[in-house]
Amino acid sequence: QVQLVESGGGLVQAGDSLRLSCAASGRTFSSYALGWFRQAPGKEREFVAAITRNGDTTVYADSMKGRITISRDNAKNTVYLQMDSLKPEDTAVYYCAGYRSSWSSPIDHWGQGTQVTVSS
């Protein structure tokens, strides 16, 4: 059973940066792709970014492209989301997701989420 634990959220001002982390356990970390999703109040959960099993390819949502970077450290079983130039509309709960294998496969595991609040 995979466990994903996010950290790094908080309250920041517009224009600030945050780095989210997601520590994984329970399965060979390099065997599955990882992603970040977010859910704002009253809205559906939406895709933010994903990274392949070996970290050589990434994909980003258009809404945040150019301001975020997803990366992973397979030696530390951790995936990161660096977010820069944050905007109030980025306020949401951010979730780490573990795919079954590649990022075209179903998501089998979710973290509990970490709150990011961006004030104007």
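1. Let's begin with a pair of neighbours: strand 7 and strand 8 (residues 78–83) run antiparallel to each other and are joined over six bridges. Strands here are DSSP runs of E with at least two residues, numbered from the N terminus, and two of them pair if DSSP finds at least two bridges between them. Within this pairing, T69 stands opposite Q82 in strand 8.

2. A word on what you are looking at. This is a predicted model, in which local features need pLDDT of at least 70 and side-chain atom pairs count only at pLDDT 80 or more, while totals for chains, interfaces and linings use all residues. Residues are numbered from 1 along each chain as its sequence is written, and side-chain values use heavy atoms, with hydrogens and water left out.

3. Stepping back to the whole chain, you will find eleven strands and zero helices. The C-alpha atoms fill a box of roughly 40 × 25 × 25 Å along the principal axes. A compact globule of 120 residues would have a radius of gyration near 14 Å, and the chain agrees with this at 13 Å; the radius is taken over C-alpha atoms, and the globule rule is 2.2 Å times the number of residues to the power 0.38.

4. What about the interior? Of the 120 residues, 43% count as buried, where buried means under 20% relative accessible area, exposed over 50% and partly exposed in between, with a 1.4 Å probe and protein chains only. The largest nonpolar core has 28 residues, and W36, L81, M83 and Y94 have the most contacts inside it. Such a core is a set of buried Ala, Val, Leu, Ile, Met, Phe, Trp, Tyr and Cys residues joined through side-chain atoms within 4.5 Å. Strand 3 gives the most to this core, with four residues. A second, separate core of five residues includes A33, F37, A50 and Y99.

5. A search of the whole structure finds four aromatic pairs. Rings of Phe, Tyr and Trp (its six-membered ring) pair if their centres lie within 6.5 Å, and planes under 30 degrees apart count as stacked, over 60 as edge-to-face and the rest as tilted. F29 and Y32 are edge-to-face, at 5.9 Å centre to centre and 75° between the planes, and both F29 and Y32 are buried.

6. Y95 and W110 are also edge-to-face, at 6.5 Å centre to centre with 90° between the planes. This pair links distant parts of the chain, with Y95 in strand 9 (residues 92–99) and W110 in strand 10 (residues 107–110), 15 residues apart. Y95 has 13% relative accessibility, so Y95 counts as buried, while W110 has 36% and counts as partly exposed. Ring pairs join F37, F47, Y95 and W110 into a cluster.

7. Finally, which residue lies over the face of Y95? R45 does, at 3.7 Å from the ring centre, and R45 also lies over the face of W110, at 4.5 Å from that ring centre. A charge sits over a ring if NZ of Lys or CZ of Arg is within 6 Å of the ring centre and within 35 degrees of the ring normal.
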